[in-house]
Amino acid sequence: MAIIAVSNQKGGVGKTTTTVNLAGFLAKQGRRTLAVDLDAHGSLTAYFGYDVETIEKNVYRLFTGATQTKDLISSTQIPLLDILASSSALVTLDKHLGAQPGKGLVLRDALTALKQRYDYIIVDCPPVLGILMVNALAACDRLVVPVQTEVMALRGLDRMMHTLQMVKQSLRREVNTLIVPTMYDRRTRAGVEALQQLRSRYGALVWDGVIPEDTYLREASKNHLPVAYMAEKSKGALAYALLVEHIRNIEAIQERVSA
Amino acid sequence: MSDSTHKKSLEPGADIDDFRNVVGDYLNSLLAEAGANTHNTRAEQEKFAAEIKHDARTANVSRCLPPWAQQAFQVVRFTAGELSMAVPVRDMFGLVDTGGAWVPPRAGAPDWWVGTVSFQSRLTPVIDPYFLVLPAQFRALAVRPPASRITKVIVTADGRFGVGVDTIDKVMTLSATDVAWRGNNSRRRWLHGTVRQHLCAILDTEELDKLVVENNVVV
């Protein structure tokens, strides 16, 4: 089982779209996949037709204890893809739990219990540094950082990478990181320049491909489907297919090295 | 991040270091393993680091102990020519099977630049650590030229170059005292040191990166 966190401290950069489509492609390829929504706004939860105000099986309960993780999982309309939904109560977690020792490892321990059930777990993170983001970073084997290809988003990325550095120091381990340029519009000079800046500043941490602006991604969202299930040949779908392939290639390399 | 149990909080007029300390303490507390030998506060971490350094000194370890070696770390051991060498896992960026497909280096390039391989759709120069170590007069006598010996490339330095290896052996977990760290005046500054038990040299990829730049090993 591999756990992939999708995180950036800036909102609106394509975190939920990336989570949905990574999870969707993996499920379509026959991988048992769980999507986890750690954002109290519940965009991912809503994507799959659930309401964060009313859904009883939700991730908040992991932090209050007494419930087994498997009992908090809901199915989606996509075969092999389940969801651990968000709850609006998540906004209270930092206040209730603060910096209690070990509370950053709750998700890691909970997801480890699902090892036999899933091949991949994709975690959609909130856009703020707090107990939920720390839980996601501590739980993940790999971090995907979507970055909108515009200059302001690059500043947000610097902040995210600094946060990641601090979390790595506390975890005392590396976190494999892949920066994914999103919402790329090659027709605009601003987009092209932002992509160049991103590659020159972060080098090989940046995925070679890009997720383009694509109306099909928005259409898929409206239809509550991963784009692969609605417009498989669209630019957006092809880009996410390449991203999944890239991630699986890296995994294969790392498995060979550690074998 | 507000909590009354928090060990530190920001005062008015706090500077960036105060902020980092507060965030660092917050993260250390959240990520403390239950029952594990953790060092939650900055003071405890510093004490821990000092203890490690002290242990290292008493074992005749020089001052060139990289900061990441203050905790347990992993290296990938491999063979290059007749040598056993290693790269810290934290420095690894990828692995390429050469498949015998090399783009030769430009004329006049240093002989430890073996050539170039394709990695993630880019051309990555590959250096031969064996030739780097081998005295110049012996390089011409090497039975097998690097390009025929090297089967894999460990890509490092965020993909800027790769280290050619004959065969990959295994991943080893080490502590600072397992290694004889190089001194400040070492001629081979691109070696971190030698694993005592295995006589295996650990490559310093940051210094190798500088060497690559100095020698204009670029494609």
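How many salt bridges are counted between chain A and chain B? The count is 1 salt bridge, a term that denotes a side-chain nitrogen of Lys or Arg within 4 Å of a carboxyl oxygen of Asp or Glu. The views below belong to a predicted model, in which local features need pLDDT of at least 70 and side-chain atom pairs count only at pLDDT 80 or more, while totals for chains, interfaces and linings use all residues. Residues are numbered from 1 along each chain as its sequence is written, chains are lettered from A and ligands numbered from 1 in the order in which they are written, and side-chain values use heavy atoms, with hydrogens and water left out.

**View 1. The interface between chain A and chain B.** A:Asp208 and B:Arg122 form a salt bridge, with 2.8 Å between the closest N and O atoms. The contact (heavy atoms within 4.5 Å) takes 33 residues from chain A and 32 residues from chain B. The two chains bury about 2800 Å² between them, 59% of it on carbon and sulfur atoms; buried area is the accessible area (1.4 Å probe) that two parts lose on being put together, summed over both.

**View 2. Strand S2 of chain A.** Strands are DSSP runs of E with at least two residues, and helices are runs of H or I with at least four, each numbered from the N terminus. Two strands pair if DSSP finds at least two bridges between them. S2(A) pairs in the parallel sense with S4(A), residues 81-84, over 4 bridges, and A:Ala35 has A:Ile83 as its bridge partner there. Parallel pairing with S5(A), residues 120-124, runs over 5 bridges, with A:Tyr120 as the partner of A:Thr33.

View 3. Chain B has 6 helices and 11 strands, and 47% of its 219 residues are buried. Within chain B, S2 (residues 83-88) and S11 (residues 200-203) run parallel and are joined by 2 bridges; B:Ala86 stands opposite B:Ile202.

Definitions and conventions
Buried means under 20% relative accessible area, exposed over 50%, partly exposed in between (1.4 Å probe, protein chains only).
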